[in-house]
Amino acid sequence: IGTRMYQGRVEKSHHIVVLADQGQGHINPMLQFSKRLASKGIKITVATTLSNAKSMKATLSYSMITFESIYDDCSQGGVLGPGGFKGFLDRFQASGSTNLTRFILDHEHPVKCLVYDANIPWASKISTQLGIAGAAFFTQSCATAATYYPMYCEVYEKTPLSMLSFPVVTRLPKLRFPDLPSRTGRYPPIIIHILGQFDNFGKADWVLFNSFDKLEEEVGTPYLIFQWMKKVWNVVTIGPTLPSFYLDKRVENDNEYGFNIHKPNYSNCMEWLDSKKTGSVVYVSFGSAANLCAEQITELADALRQSNIMFLWVVKPDEQSKLPSDFSKETSGKGLVVTWCSQIEVLAHHAIGCFISHCGWNSTLEAISFGVPILAMPQILDQIINAHFLEKVWSVGLIAKANEDEKGVTASEEIYRCIREVLEGERGEEIRKNITSLKELAKEAIDTSGSSDKHIDDFISQLDPAYL
Ligand code: UDP
């Protein structure tokens with residue numbers, strides 16, 4: 001472990017610590033990125049919370065990657081412990097930073113670089129204090145960062161980008177005010193946490209984005225802001241971060257499709273999908289964090305019932321009681337409701353013809369990478385921006401409009417109309433054509449010598465020019 005052949009000599013490989021945030025949507029891309037680095041001969045330690053580290057150790061096995069707990073979220077109550085989300089962040093910072101520092105200082109295999117989720121801004125202080133390289137990893141799109149950044153400048157009274165302040169962005173044709181993350185005001189600690197990603201932006205040696213250049217180039221003004229960011233900071237795209245099977249180049253021991261925090265509830269629905277015709281099934285999932293209200297679940301259930309199509313629906317355990325009582329009986333044979341699935345495996349399946357999604361960035365990129373048309377029902381934060389680009393810029397999805405009231409529920413008639421349009425309408429045809437082209441571009445970006453692959457090689461060779 002930790003050695004490599006270089007110019008005929010066996011050498012110790014570099015050691016990079018990857019500090020991942022606790023959520024599924026953060027762990028997944030950072031784990032896949034770790035696998036990518038490991039496939040290039042780098043020793044990786046993924047540092048995360050105790051519950052995640054335990055479950056990764058139990059389910060994953062790579063010779064070049066180890067998992068380390070730096071914060072005991074089990075005994076300290078996780079995000080639901082004392083003080084809610086803010087309390088969790090404070091405890092995570094206090095003991096996480098002490099434990100991570102000790103881990104890096106004491107490790108027999110010197111750590112060359114700390115790659116940290118940009119959501120954990122205190123991590124950059126550690127790399128600076130220890131004199132190692134630091135790379136902030138954004139699990140959102142470049143366009144989202146470009147949209148939030150002017151907001152950060154306004155909220156924290158930093159010098160705004162010249163001529164590109166927040167109000168200017170909102171007036172531009174490709175991104176209008178309703179498309180901005182307006183519903184985030186509901187829970188200020190989250191928006192403050194998100195804007196906090198930029199606190200240490202300038203101190204990182206690299207800022208890595210799980211996206212690819214050709215996708216971002218099309219988004220108009222946010223891309224211009226992003227170009228500006230690239231001039232100021234060492235910002236690169238390294239995505240989409242997907243398992244190696246996607247490129248038909250399995251890395252050693254890459255025996256799983258995606259990591260599932262929800263493994264105990266993981267359902268194997270692949271056999272069910274195997275018996276279905278190509279493009280005939282609608283996959284419905286709102287990611288790991290969204291908790292749909294009972295009204296929205298009822299509207300979705302009605303739309304699926306009405307449309308009489310095959311569906312696979314992820315209804316998380318705490319949402320199950322909101323399903324109409326007769327739903328499973330009435331739709332048996334037509335649909336399957338599961339509490340969790342391996343989404344990547346599902347999206348890669350030929351039977352899936354449409355993905356009803358909340359448009360979290362991972363789900364968005366995964367759908368694009370597997371060429372699955374999206375029916376967007378964004379809930380909060382960057383999901384609203386992602387949905388906007390999916391429909392208006394890349395033309396690979398449709399937005400099912402939400403009612404314009406406080407609850408923002410989307411009615412069954414609207415969902416039903418959009419399902420029909422995506423599966424059978426002219427617009428659906430166009431969407432399938434466009435998403436197939438984007439899928440090719442995604443593959444090109446991460447394949448050998450593609451833009452993202454080159455950026456990863458640049459990142460490694462800047463750590464040590466003699467390495468690659
Ligand atoms: N996911 C999964 N199984 C499910 C639902 C989601 O494996 O049943 C994965 C999905 O592939 C994605 C992640 O969970 O990688 C969700 O991330 P995303 O950014 O889409 O949404 P979030 O959970 O952060 O809101």
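Mentor: Of the 468 residues of the protein chain in this predicted model, 46% count as buried. The chain has 18 helices and 15 strands. Among contacts with a separation of 6 or more, 68% are between residues 24 or more positions apart.

Let us turn to the ligand. It is surrounded by 22 residues, and the closest are Gly25, Gly287, Gln343, Gly360 and Ser363. The largest share, 4 residues, comes from H14. Sorted by class, the shell consists of 14 polar, 7 nonpolar and 1 charged residues.

On the side of H14, the contact is made by Ile368, Ser369 and Phe370; H17 supplies Ile435, Leu438, Lys439 and Ala442. Of these contact residues, 5 are nonpolar, 1 is polar and 1 is charged.

An open sheet of 6 strands has the order S12-S11-S10-S13-S14-S15, and its pairing is parallel. Strand S12 (335–338) and strand S15 (397–399) are its edge strands, each pairing on one side only. On average, neighbouring strands in this sheet are turned by 15 degrees against each other, direction ignored. At one end of the order, strand S14 (residues 374–376) runs parallel to S15, joined by 3 bridges. Leu375 has Leu398 in S15 as its bridge partner. Helix H15 (residues 382–393) lies across both S14 and S15, and runs at about 120 degrees to S15.

Another open sheet has 7 strands in the order S5-S4-S3-S6-S7-S8-S9, again with parallel pairing. Its edge strands, each with pairing on one side only, are strand S5 (65–71) and strand S9. Here neighbouring strands are turned by 25 degrees against each other on average, direction ignored. Strand S3 (residues 15–19) and strand S4 (residues 43–49) run parallel and are joined by 5 bridges, with His15 standing opposite Lys43 in S4.

Strand S8 (residues 206–209) shows how a strand within this sheet may be covered on both faces. Trp206 and Leu208 lie on one side, Val207 and Phe209 on the other, and all of them are buried. Strand S7 (residues 133–138) pairs with S8 in the parallel sense over 4 bridges, and Phe137 stands opposite Leu208. S8 is also joined to S9 (residues 235–237) by 3 bridges, again running parallel; there, Phe209 stands opposite Thr237. Finally, helix H18 (residues 451–463) lies across strand S6 (113–117), S7, S8 and S9, and runs at about 135 degrees to S9.

Methods: Residues numbered from 1 in each chain as written. Predicted model: local features only at pLDDT ≥ 70, side-chain atom pairs only at ≥ 80, totals over all residues. Buried ≥ 20, exposed ≤ 12 C-beta atoms within 10 Å, placed from the backbone. Helix = DSSP H or I, 4+ residues; strand = E, 2+ residues; numbered from the N terminus. Pairing = 2+ DSSP bridges. Contact = placed C-beta atoms within 7 Å. Nonpolar A, V, L, I, M, F, W, Y, C, P; charged D, E, K, R; others polar. Near = placed C-beta within 6 Å. Axes fitted to C-alpha atoms, helices over the stretch in contact; angles between N-to-C directions.
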